[in-house]
Amino acid sequence: MARQVEIWNDRAEIASRALFLCQLAYDEAILKGDKFTIVAAGGSTPRVLYELFAAKEWDWSKVHVFWGDERYVPVTDPQSNEGMTRKAWLDLVAIPTANIHAIPTDAEDPAIAAAKYEQHIKEFFRVGEGEIPQFDLVLLGMGDDGHTASLFPHTPALKVSDRFVTVGEKDGQPRITMTVPLINQAKEIIFMIEGAAKAKALKSVLATHGDVNQYPSRLITGNTIWLCDRTAMNQKKS
């Protein structure tokens, strides 16, 4: 699969470039299939992009929003990815409630919630046995440790290949996450990476050879575009 790496000066430039790429993905999806499926990510860099989304004049009735992962907290919790996305974007546009495909976090067992979300995705895409749903666009970030979504180093979720959604884990806390095969199936995947703290992991993730268990973002090998700032790439600003 294709991998493209672009270097930008700062968060604002990354968000602006991501907005342009998202517009292209939206235009193509609407033209070909009359709907646009996008997987949202948590984090401060995506938040800036979502604020830009809120000013777009898209046909929101044709936009369907999913999430790549979620902490097992209510939407009102400050740590909720859904909550952040709603405040920055979804609550500010006329998107139908039915087009917001949130990860359930109210089940007593996170495994039940993961199974419910997987079933919802299967029903939405109407996939048959052995088929993998294909999102138009997946947005991702990367942690200082090289994780993406809730695929953390040396955790069982990294090896899940027979499901689309599973339970991730961080410091003993459960999270719901899309699996590697589902993410990789997307038509396009955009990583947004900024900050010197991520430089070491980013170098290892982008290297020709490396340990996928230590740096899980290496597992994302679909059609990816990496939007990185100069500090993350250990370069001086122009």
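Which residue in E5 is the bridge partner of Val 39? I found Val 138 in that place. Two bridges join strand E2 (residues 36-40) to strand E5 (residues 137-140), and the two run parallel. I took strands (E, at least two residues) and helices (H or I, at least four) as DSSP runs, numbered from the N terminus. Two strands pair if DSSP finds at least two bridges between them.

Before going on, I noted that this is a predicted model, where local features need pLDDT of at least 70, side-chain atom pairs count only at pLDDT 80 or more, and totals for chains, interfaces and linings use all residues. Residues are numbered from 1 along each chain as its sequence is written, and side-chain values use heavy atoms, with hydrogens and water left out.

Next I traced the sheet. It is open, has six strands in the order E1-E9-E8-E5-E2-E3, and pairs in parallel. Strand E1 (3-8) and strand E3 (63-67) are the edges, each pairing on one side only.

Then I checked helix H1 (residues 11-33). H1 lies across E1, E2, E3, E5, strand E8 (189-193) and strand E9 (224-229). Contact means heavy atoms within 4.5 Å.

Last, I turned to the residues of the lining of the largest pocket. They divide into ten nonpolar, 13 polar and ten charged. I counted Ala, Val, Leu, Ile, Met, Phe, Trp, Tyr, Cys and Pro as nonpolar, Asp, Glu, Lys and Arg as charged, and the others, Gly among them, as polar.

Methods: Axes fitted to C-alpha atoms, helices over the stretch in contact; angles between N-to-C directions.
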